[in-house]
Amino acid sequence: MAQVEILIPKMGEGVIEATVLNWLKSVGDEVEEDETLLEIATDKVDSDVPSPVSGKLVQILAEADEVVAVGKVIAIIETQAAIPASETAPPVPETVEIPKQEAALESLAAAETLVLTKEEGRRNYSPLVRSIAKQENIGINELDTIQGTGAKGRVTKKDILAYLEIRKPEINVQELMPPQEKVAPLTSTTPIQSLPVNGNSHKLNGQGTSDEVIEMDRMRKMIADHMVMSKHTSPHVTCFLEVDVTDMVEWRAKNKDSFQERNGEKLTFTPLFIQAVAKAIKDYPLINVSVDENKIIKKKQVNIGMATALPTGNLIVPVIKQADQMNLAGLATTVNDLANRARNNKLKPDEIQGGTFTVSNLGAFRIDAGTPIINQPQVAILALGNIVKKPAVVSTEIGDVIAIRQKMMLSLSFDHRVVDGFLGGSFLRRLGDYIEQFTQTV
């Protein structure tokens, strides 16, 4: 008889704790391997925790609404089979991918949220609720007044957002002005007509009418912080290459219907480009790295992130794991599945981490080119531009002729700390060759 410890799993970079939402099994229940034991929540995503083995749940060490650190034991399952130690030990990451300054920020953030942890006689709050409360300057006493609709009166994301709609916090403009220019306090809903600036009346717009103040949501704040951190971390260089995609466009137009009939998946351009990117990465593996102080971490797997726009206007980057090992049908299936579940907030935590290179499709918005920001701790990101028809000089057996060709721009941003112009340019040129010399069997 062996006992297996169930741990709070690693939920992605920057996540140090999770809240137990609900146990789906009780002590004494029999569980099957991969059967869901409980639901947990972090400040990034809600998730299910499956059982790694079949057996009997003999002990629960974390109750509903309890905040638990990542890696902590929360339950014990008794199983008839002998479990090797290697299977029960917590997984060891292949490389350290979080820069030290980011780890320090995480520690600081953890310390700052301690004021919102449970005190004697008070409720526990999930990391998501505490994160929103911190961003909106809601103290523990005020948070305790919010009526929760979750299990055992737990305050949910919906509850705190509904509270913010009626809270109407005041903006303290008095501290921003000299004594002689004090004005009545403004609220977030007060029309802003004009404010004194250097002794003069300053209109906020040409008509003197009120401007709308929109608060960033939690995801937008996280994206903003990540982008600023990336710019501070990596010296960005962006190279551009125009490629002829006529052969690829014509092949897809000819085969997309039969492809969908045979594989049950719609064929977009995205898996075609990702296949070419994976090939180029295999030729230039030093693009597929991360940086840890003065060390370059060369990644064994080619995990390509796919920037996906959400209905809210925010972005999320699901990751195609081991993209270089997939054929076109496998890539199409994975791309469509990740994109659909991303837009419906159904991604699992491990599906948005572990990326080694990112692709962003600007062409979906009819944008020709851009200067994308690197998704740390990666060292390169590719933007795909809009496919447009252009006149071009084409060499034929009878000489050069002007013909209408399908063209697009590739924009590659890379980290000049470790990727110099030779490597970045060579990788981009090889990628262009794979795209222009497109061949595919169906």
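The structure here is a predicted model, where local features need pLDDT of at least 70 and side-chain atom pairs count only at pLDDT 80 or more, while totals for chains, interfaces and linings use all residues. Residues are numbered from 1 along each chain as its sequence is written, and side-chain values use heavy atoms, with hydrogens and water left out.

H10 covers residues 421–436 and packs on H8 at an angle of about 135 degrees, the two axes being 9 Å apart. Such axes are lines fitted to C-alpha atoms over the stretch in contact, with angles running from 0 to 180 degrees between N-to-C directions. The pair is therefore oblique. On the H8 side the contact (heavy atoms within 4.5 Å) involves residues including Phe 273 and Val 277, and on the H10 side Leu 431 and Ile 435 are among them.

Next comes the nonpolar core, a set of buried (under 20% relative accessible area) Ala, Val, Leu, Ile, Met, Phe, Trp, Tyr and Cys residues joined through side-chain atoms within 4.5 Å. The largest one has 51 residues, and Phe 357, Leu 382, Leu 410 and Ile 435 have the most contacts inside it. H8, residues 269–283, gives the most to this core, with eight residues. Another core, of 21 residues, lies apart from it and includes Trp 23 and Ile 60.

Methods
Buried means under 20% relative accessible area, exposed over 50%, partly exposed in between (1.4 Å probe, protein chains only). Helices (H or I, at least four residues) and strands (E, at least two) are DSSP runs, numbered from the N terminus. Angles under 35 degrees count as roughly parallel, over 145 as roughly antiparallel, 65 to 115 as roughly perpendicular and the rest as oblique.
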